[in-house]
Structure formats: C-alpha cells, structure tokens
Amino acid sequence: MQPVTVLIRRWRFWALVLGLWAIPSLIGALVYYLRMVPSEEPVTWRFAMLYQFAAWYPWVALTPLVLAMGRRFSLERSRPWVALPLHLTAALAIGATHLVLALAGMRALAPGPPPLPFWAGYAEWMVATIL
C-alpha cells in the first residue's frame, strides 16, 4: 500500500493537469460559441463546451508522456544532438496521437454525418495544423 503523501501528491498532480487543460478548453468553448451565434446553426453553450473539451482533454492523458520525455531526455542535461531529434520525433508522434483522439471525440459529438471520412478529415486537419 502506498503512503498517503504519495496518493495526495498524485491527486494534486492530476487536479493540476485537469485544471490547466480546462483553461484552453473553456477559452475555446467561448470562442466557438460566440463564432457560432450569428450562424444559421447556432450551438448551445453546453455543446460548445463538450466539443472543445473533446478537442483539448486528450492532452490530459498525453501530459505524463510529455513530462516523462522531458525528464528522461532533458535538453539541458544530455547532449542536445541526441535529445533534440528524440524530442522532435516524440512531438510529432504525440501531436499526431492528440489529433486522432481529438478528432474522434469531436466527431462523436458532432450532429449529423461527417463531411469527410475519418482519415481524410485527419489528413486535412494535420495539414492545417502544421501549416
């Protein structure tokens, strides 16, 4: 059994991660909601929040990976010519994973059939994100 202090520390970590990722989720929901108000198909505040949380909250699951990568291959402590390619590769892989999870979550919430098949939508979003 783990000591109580370890459990408290873990609980605080996850509370902090959830709270920090709620900030861009709420900002995104507000922007999305306000952008959709004058459109022909306005959305509710609840839907805007769910939609944006589906887009941002995959980062909650990916944050420990990012932090572990930074600890294991620190750019300050290790040789930069070794750590930098690893960081770039991990950034692309983790970013691509985020796009898959976010797109799946957003599509699950979107009303009606999606305009593009999943992988075509993923490729379009990936190109728009990179450029």
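Rings of Phe, Tyr and Trp (its six-membered ring) pair if their centres lie within 6.5 Å; planes under 30 degrees apart count as stacked, over 60 as edge-to-face and the rest as tilted. The model shown is predicted: local features need pLDDT of at least 70, side-chain atom pairs count only at pLDDT 80 or more, and totals for chains, interfaces and linings use all residues. Residues are numbered from 1 along each chain as its sequence is written, and side-chain values use heavy atoms, with hydrogens and water left out.

**View A. The aromatic cluster of W21, W56 and W59.** These three residues form one aromatic cluster. The structure holds 8 aromatic pairs.

**View B. The aromatic pair of Y32 and F47.** Y32 and F47 form a tilted pair, 6.5 Å centre to centre with 45 degrees between the planes. Y32 sits in helix α1 (residues 4–36) and F47 in helix α2, 15 residues apart, so the pair links distant parts of the chain. Helices (H or I, at least four residues) and strands (E, at least two) are DSSP runs, numbered from the N terminus. Y32 and F47 are both buried (under 20% relative accessible area; exposed is over 50%, partly exposed in between; 1.4 Å probe, protein chains only).

**View C. Helix α1 against helix α2.** The two helices pack at an angle of about 135 degrees, with axes 8 Å apart. Axes are lines fitted to C-alpha atoms, for helices over the stretch in contact, and angles run from 0 to 180 degrees between N-to-C directions. α1 and α2 are therefore oblique to each other. Angles under 35 degrees count as roughly parallel, over 145 as roughly antiparallel, 65 to 115 as roughly perpendicular and the rest as oblique. Residues of α1 in the contact include W21, P24, L26 and Y33. They meet a set in α2 that includes W45, M49, F53 and W56. Contact means heavy atoms within 4.5 Å.

**View D. Q52 in helix α2.** Q52 lies in helix α2. At 11% relative accessibility, Q52 counts as buried. Its C-alpha atom is 5.4 Å from that of A29, 23 residues away along the chain. Leaving aside residues up to four places away in sequence, Q52 touches S25, G28, A29 and Y32.

**View E. Helix α2 against helix α4.** Helix α2 (residues 45–56) and helix α4 (residues 80–109) pack at about 160 degrees, with axes 7 Å apart. That makes α2 roughly antiparallel to α4. F47, L50, Y51, A54 and A55 of α2 make the contact with H98, A102, G105, M106 and L109 of α4.
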